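Welcome! Please take a moment to look over the sequence and the 3D structure below, and then follow along with this short tour.

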Amino acid sequence: MPVWAGTALILLVTAHADLPWIAGTLFLTACPVGMVLPTTTALCLQRAPHTAGSASALVGTTQFLMGALAPALTGLGGQSTALAMAVSVLGLALAATGCFLALCRPWKSASDPLTQ
């Protein structure tokens, strides 16, 4: 959903759409965060049951790092247009999708680490 919303956001910003359309697209981009972050943390901790503290620290550090990186990247584009924000939203959504595909490999079945 965030990749599609990021693409729609870029199209709306370049077309100089009105604020309600852009706000609606940002809403669709931010809505899944409340579901994705806790689920991601739980799944990460499930994969490393014997080192849950280290896994939790790594996940938390990565979340804070990306939270600090996103506004910095957006600020590089200046304050005169929302295009820098739209590009950073789409870029980070694509990066998250790439990380998911590279690290989780959903097409490959894995055994449950708790049964071992």
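## Helix H5 and what it hides

Let us begin with the buried residues of H5, which are Ala84, Ala86, Ser88, Val89, Leu90 and Ala93. Here buried means under 20% relative accessible area, exposed means over 50%, and partly exposed lies in between, using a 1.4 Å probe and protein chains only. Helices are DSSP runs of H or I with at least four residues (strands are runs of E with at least two), numbered from the N terminus.

A word on the background: this is a predicted model, in which local features need pLDDT of at least 70 and side-chain atom pairs count only at pLDDT 80 or more, while totals for chains, interfaces and linings use all residues. Residues are numbered from 1 along each chain as its sequence is written, and side-chain values use heavy atoms, with hydrogens and water left out.

## Length and surroundings of H5

H5 is made of 22 residues and spans 31 Å from its first C-alpha to its last, close to the expected 32 Å at 1.5 Å a residue. That expected span is 1.5 Å times one less than the number of residues. Just after H5 comes arginine 105, with a positive phi of about 45 degrees.

What do the buried residues of H5 pack against? Their partners are H1, helix H2 (19–30) and H4. Contact here means heavy atoms within 4.5 Å. Leucine 90, for instance, is in contact with Val3, Gly6, Thr7 and Ile10, leaving aside neighbours within four places in sequence. Leucine 92, also in H5, counts as partly exposed because its relative accessibility is 23%. With the neighbours within four places set aside, leucine 92 is in contact with Met66 and Ala70.

## The nonpolar core

Which residues form the largest nonpolar core? There are seven: Leu9, Ile10, Val13, Ile22, Ala86, Val89 and Leu90. Helix H1 (2–14) and helix H5 (83–104) are the elements that give two or more residues to this core. A nonpolar core is a set of buried Ala, Val, Leu, Ile, Met, Phe, Trp, Tyr and Cys residues joined through side-chain atoms within 4.5 Å.

Threonine 25 sits in helix H2 and counts as buried because its relative accessible area is 8%. Apart from residues up to four places away in sequence, threonine 25 touches Ala5, Ala8, Leu9 and Leu12.

The loop between H1 and H2 holds histidine 16. Is histidine 16 buried or exposed? Its relative accessible area is 70%, so histidine 16 is exposed. Histidine 16 also has a positive phi, near 55 degrees, in a residue other than glycine.

Leu65, Met66, Leu69, Leu73 and Leu76 make a nonpolar surface patch of about 480 Å². Patches are made of residues with over 30% relative accessible area and no salt bridge, with like charges joined within 9 Å and nonpolar side chains (Val, Leu, Ile, Met, Phe, Trp, Tyr) within 5 Å. A salt bridge is a side-chain nitrogen of Lys or Arg within 4 Å of a carboxyl oxygen of Asp or Glu, and accessible areas come from the Shrake-Rupley method with a 1.4 Å probe, where for residues only the protein chains shown count as cover.

Leucine 65 belongs to helix H4 (residues 52–75) and is exposed because its relative accessibility is 55%. Leucine 73 is found in helix H4 too, and is partly exposed with a relative accessible area of 39%. Between leucine 73 and alanine 84, eleven residues apart in sequence, the C-alpha to C-alpha distance is 8.0 Å.
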